[in-house]
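Work through the exercises below with the sequence and the model at hand. Each task is followed by its solution.

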Amino acid sequence: MGDGSVAPRLGNMKALLGIVAGAGASYGIYKLISGGSFKRGKKSVTTSESPGVRSSQPGEVTLQRGSLLAKVSGLDVVCPRPDVASADIIHQSPSNLEPQHLKMLLSCLQTSNNSSDRCRILLTLGNAAAFTVNQNLIREFEGIHIIAGFLSDPAAEVRVQTLNALNNLCMNIPNQEQIKVYVPQVLELIEMSPVNSDLQLGALRLLTNLSVTDKHQHLLKESITLLLSLLVVSNEALQVQALKVLVNLSSNPDMMDDIVQAQAPASVVLLFDARTASTVLLRLLTFAGNLKAWRPSAQVADELRRTQDCLFRVMLDESSQLHSRLVQLLSHPDGEIQSQVARILT
């Protein structure tokens with residue numbers, strides 16, 4: 001975009017806020033890109049002025065209602081006229097956003113003083129990041145570090161949109177190499193945020209994607225007690241998301257020593273109950289099955305029995321209530337739950 005045709009900053013901001021904000025790309029596309037593979041046993045990754053555009057003041061383009069940009073933003077917006085024939089962006093899906101628009105969004109994100117504007121820009125970037133081409137471009141433009149900088153934004157809604165954008169970016173293996181450095185900050189958000197908040201849920205979704213492969217799971221060693229604690233204080237949505245992370249970690253034999261030594265609330269066992277939501281219980285049984293498949297030596301088992309409140313004593317030791325609770329679940333009305341219980345007991 002030529003320097004001489006750049007509109008004032010406010011007009012530029014309003015333009016960028018419109019670009020595919022609110023588009024239908026969901027945050028939950030859990031697909032790893034660039035040759036990544038899931039671990040076995042894991043549960044469940046051109047024209048200068050196109051139709052829909054009319055000239056406004058010199059150097060600007062006003063988008064008419066009905067154009068793609070107006071539809072996805074819900075706004076009539078005014079944007080600077082580009083020097084190249086990039087007006088086709090109006091007719092493209094978020095997967096075809098042009099590189100200069102991503103650059104502009106990232107630039108405006110850094111300079112915005114309005115939390116509502118930051119939310120809209122992050123939402124747009126998050127939707128765009130559901131597509132491989134944009135995941136790569138954002139990384140190449142150093143956008144991951146720019147976006148992650150807003151994990152500490154004073155506004156909770158900005159932090160939520162930041163997590164959502166990073167979540168989609170995390171579905172790309174090369175991006176995970178940059179996102180992993182923010183794991184301590186994401187864990188702190190979970191610990192310090194209100195229980196059952198969107199912040200906790202967004203952070204757990206990000207950790208779920210980051211823990212799908214073995215490569216970065218070691219970064220979550222210190223989080224196991226936190227995840228287990230969430231199981232007994234959270235609502236169903238958070239329980240499911242915490243269990244997704246725990247299932248991923250427990251499917252890696254190299255993580256098992258850290259898992260069984262982690263402190264765990266004794267009330268975790270009480271979740272193995274017919275009154276527990278089936279969506280939670282199924283994942284809880286998968287987690288328990290992974291634990292039961294671990295076979296410690298007699299010496300290791302004796303050492304763990306002397307570790308107060310560790311997960312081994314709560315769920316795996318002979319003194320645990322887990323076995324009797326599993327037997328009761330054999331009569332659960334859900335056939336899939338019955339099958340999982342039977343596999344664990346045998």
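**Exercise 1: a surface patch**

Val195, Val232 and Val233 form a nonpolar patch on the surface, with about 220 Å² of accessible area together. This is a predicted model, in which local features need pLDDT of at least 70, side-chain atom pairs count only at pLDDT 80 or more, and totals for chains, interfaces and linings use all residues. Residues are numbered from 1 along each chain as its sequence is written, and side-chain values use heavy atoms, with hydrogens and water left out.

Task: Where is Val232 found, and is Val232 buried or partly exposed?

Solution. Step 1: patches take residues with over 30% relative accessible area and no salt bridge, joining like charges within 9 Å and nonpolar side chains (Val, Leu, Ile, Met, Phe, Trp, Tyr) within 5 Å. A salt bridge is a side-chain nitrogen of Lys or Arg within 4 Å of a carboxyl oxygen of Asp or Glu. Areas follow the Shrake-Rupley method with a 1.4 Å probe; for residues, only the protein chains shown count as cover.

Step 2: Val232 belongs to helix α11 (residues 224–233). Helices (H or I, at least four residues) and strands (E, at least two) are DSSP runs, numbered from the N terminus.

Step 3: at a relative accessible area of 32%, Val232 is partly exposed, the class between buried (under 20%) and exposed (over 50%).

**Exercise 2: the whole protein**

Task: How many helices and strands are in the protein, and what percentage of the residues is buried?

Solution. Step 1: the protein has 18 helices and three strands. Step 2: of its 346 residues, 53% are buried.

Conventions
Buried means under 20% relative accessible area, exposed over 50%, partly exposed in between (1.4 Å probe, protein chains only).
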